[in-house]
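Subject: Handover of a structure

Dear colleague,

Please find below the structure that I am handing over to you.

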Amino acid sequence: NLAECGIDLYGVRWVAEDPSRVERAAPALMLARLLAGAVLALALYLGAPLVLPELDARVFALYGLTLLVIGVDTRWIHLGLSHSRTVAIARTLGELTLLAAVLVAVARPEHLTRVPLAQVAGDLVTAGILFFALRAGGRRLAPRIDFPAARAVLSRSSPLIVNVLLGLTIYNADLLLLRVFRDRETVGWYAAAYQLVSFLINVAAAYSLSLLPALTRIAVHRAARDEMVRTSTAQTFAVALPIAVGGSLLAPGILAAVFGPAYGPSGQALSILILPFTLSKEVDLVALLVAGREATIMRMTAAAVVVNLALNLTLIPRYGIPGAAVATLCTEAARAAIARWCARRAGYPGTGLDRRWRILVACAAMAALLYFVPLPLFAALPAGIAVCLGVLTAVGGVRWRRGAWPELRV
């Protein structure tokens, strides 16, 4: 999002390095984000009627109000201070406010313009809780003009703004080219599969934001830093691989259960699109951010855009949905490989097979069950989970203790 000015990532590290910066410079950054949001909201208000039908333009213009809320959103400060529980509570209450507003105020098609207003209400609740939580903790954050303080941070976060734009290009290129080379129905099928993948992407992003301050604080202690990187990589792999393997094998049933039998072609897309979730590059990206390699992250994504556009233009005209999904898979594999190479050059270690073999064995057993034993979805899901956990326990990947949560040992 352009309105957050790259601060939602860089700002977490910036606060984690020195919490005293919050009172000294955070108010100036909040004001800069507020001004950026106001400019973008005005651009939407003026530009939407030029390219969209009247109703769509009004909806887009109203959604522009959410950009103003970003300026006073202090989630990045809380995460930098390791107040992730406060963020979780605030986000939950904000989403519940959004849901309640939609259920109460949106009943007919003509109420469509109320949906962005409900979003604004939910975002304001989240931002308000986070802001007053900081004040309750003794931090005063009244926005003020301090251009030198803001410029010093924004100059470092600016590559991340470009990185967001490049990431959006990758995210939307396949949908746009499917619309060009196929039809609206094909785009709908593909978008349905992407909805479930987007949820996993957001989970990975949330994990990254929680890892960033912790890794920042121990970055000066190389042994502890390297162990955290190895362990985090192994843990994300242990969570991601079963989801990707099981999701790929059960994709048709999952899409039919969520969207209905008419979305059968979406299952083919999901079975491929979910696989890059195993190629978790998030730990390497966080490591590069901690090392101050913002420009490297931007260049990595720029290279991935070139790969993605070339693959989409080659595969979509001939293969349609499968071609778009394979292009995404190959792009994410390239991004993961480049991120690993860059992280290694920055001094971060890799995580070898000794930290991965247990989950590989467990997932192989789960895949064999799901592939060779035909089960309905309601039975296949618990059966797959049970087999994966059972094998993982047998090979020492999970330790169960009475009165405590299971311990993942990777």
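The notes below go from the chain as a whole to individual residues.

Please bear in mind throughout that this is a predicted model.

The chain as a whole

The protein chain contains 17 helices and 2 strands. Its radius of gyration is 23 Å, close to the 22 Å that the globule rule gives for 410 residues, so the chain is as compact as a globular protein of that length. Taken along the principal axes, the box filled by the C-alpha atoms is roughly 65 × 55 × 45 Å. Of the 410 residues, 42% are buried.

Aromatic pairs

The search of the whole structure gave 6 aromatic pairs. One of them joins tyrosine 171 and tyrosine 194: the ring centres are 5.0 Å apart and the planes stand at 55°, so this pair is tilted. Tyrosine 171 is partly exposed at 31% relative accessibility, whereas tyrosine 194 is buried at 7%.

Phenylalanine 259 and tyrosine 263 form another tilted pair, at 5.4 Å centre to centre and with 40° between the planes. Phenylalanine 259 is partly exposed, its relative accessibility being 34%. Tyrosine 263 is also partly exposed, with a relative accessible area of 29%.

There is also an aromatic cluster, formed by Tyr171, Tyr190 and Tyr194.

Individual residues

Histidine 78 is placed in helix α5 (residues 75-80). Its relative accessibility is 1%, and because the limit for a buried residue is under 20%, it counts as buried. Apart from its neighbours within four places in sequence, histidine 78 is in contact with His83, Thr86, Val87, Leu130, Ala133 and Leu134.

Leucine 103 lies in helix α6 (residues 84-105). With a relative accessible area of 63%, leucine 103 is exposed. Between leucine 103 and glycine 320 there are 37 Å in space, C-alpha to C-alpha, and the two are 217 residues apart in sequence.

Backbone angles

Most residues other than glycine have a negative phi. Which value does phi take at cysteine 5? Cysteine 5 has a positive phi of about 60°, although it is not a glycine. This residue is found in the segment before α1 (7-17), and cysteine 5 is buried, with a relative accessible area of 9%.

Serine 82, likewise not a glycine, has a positive phi of about 65°. Serine 82 sits in the loop between α5 and α6 and is partly exposed at 42% relative accessibility.

With kind regards

Conventions: Residues are numbered from 1 along each chain as its sequence is written. This is a predicted model: local features need pLDDT of at least 70, side-chain atom pairs count only at pLDDT 80 or more; totals for chains, interfaces and linings use all residues. Side-chain values use heavy atoms; hydrogens and water are left out. Helices (H or I, at least four residues) and strands (E, at least two) are DSSP runs, numbered from the N terminus. The radius of gyration is taken over C-alpha atoms; the globule rule is 2.2 Å times the number of residues to the power 0.38. Buried means under 20% relative accessible area, exposed over 50%, partly exposed in between (1.4 Å probe, protein chains only). Rings of Phe, Tyr and Trp (its six-membered ring) pair if their centres lie within 6.5 Å; planes under 30 degrees apart count as stacked, over 60 as edge-to-face and the rest as tilted. Contact means heavy atoms within 4.5 Å.
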